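Subject: Structure for your review

Dear colleague,

Please find the structure below, together with its sequence.

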Amino acid sequence: MRSSASAGRERVYEHLVREVLVDPRAQGVYLNEQEVADAVGVSRTPVREALLVLAAEGLVELVPRRGARVPVVTGREITELMELRTLLEVHSADVVVAAGRTPVAAMTAVLDQQRALAGEDPRTSGRRFIELDREFHQVLVDAAGSALVSRTYAGLRARQVLVGVEALLRSVDRQERVCTEHGEILDALGAGDRAAAQEAIERHLAVTLDLLLRS
């Protein structure tokens, strides 16, 4: 059974990961411990504990006498993120196709929700769209059946949502194009074509990377 202190720390952690660190506007900003505590409904102690965990994961920086700062994601970090995603997703696609357990139905259900949002303004619906984007890819990774790979991929969540929202804001039709690219991935998986699935995944992530690295 979890202690109240542990539960408080986890609530703060989830709040920061899901609501703060995914916001492009938070980059470079120092977090106010009291404001975070008030938002979650806890004391400042679990806030500090959660910030220590986030610092260990590289999601915040602890600056002496200044507090916790949300780091600015660099071009190199974005490139490394997309490279890691490509490795994990292509590997997962290979595994599920070889095993004959491609999660087409589950991924299609997520894509249908994305398509419903595709025509909306990304400034208001972008985060929800990217949360679904992350879910679409996580379903594929989870279907490969490796708990370690799934946890590793899930750990990319905050950065994945952050850069995904940023990519949407850089292209007026990016939401529609994402849906098209997801459809291509699904077509390849449904056909059991490992080479086509790999190509579709790599192309999809390369387009996003290109958008993010444009000056």
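Is Val12 buried or exposed? The model is a predicted one, and in it Val12 is buried, because its relative accessible area is 0%, where under 20% counts as buried.

Val12 belongs to helix α1, which covers residues 4-20. Beyond its neighbours within four places in sequence, Val12 makes contact with Val36, Val40, Val42, Pro46, Val47 and Ala50. I also looked at Arg44: 32 residues separate Val12 and Arg44 in sequence, and their C-alpha atoms are 9.9 Å apart in space.

Rolling a probe the size of a water molecule over the atoms shows where empty space is left. The search of the whole structure returned one cavity of 30 Å³ or more. The largest cavity holds about 140 Å³ of space. Two or more residues of its lining come from each of α4 (75-99), α6 (122-143), α8 (157-169), α9 (174-190) and α10 (194-213).

The lining of the largest cavity comprises 16 residues, and those nearest the centre are Arg85, Ile130, Asp133, Gly164 and Thr208. Helix α8 contributes the most to this lining, with five residues. By residue class, the lining of the largest cavity consists of seven nonpolar, five polar and four charged residues.

With kind regards

Methods: Residues numbered from 1 in each chain as written. Predicted model: local features only at pLDDT ≥ 70, side-chain atom pairs only at ≥ 80, totals over all residues. Heavy atoms only, no water. Helix = DSSP H or I, 4+ residues; strand = E, 2+ residues; numbered from the N terminus. Buried < 20%, exposed > 50% of the residue type's maximum accessible area, 1.4 Å probe, protein only. Contact = heavy atoms within 4.5 Å. 1 Å grid on protein atoms, 1.4 Å probe; cavity = no way out; pocket = protein on both sides within 12 Å on 5 of 7 lines; lining within 4 Å. Points joined across faces, edges and corners; volume = space filled by probe spheres on them. Nonpolar A, V, L, I, M, F, W, Y, C, P; charged D, E, K, R; others polar.
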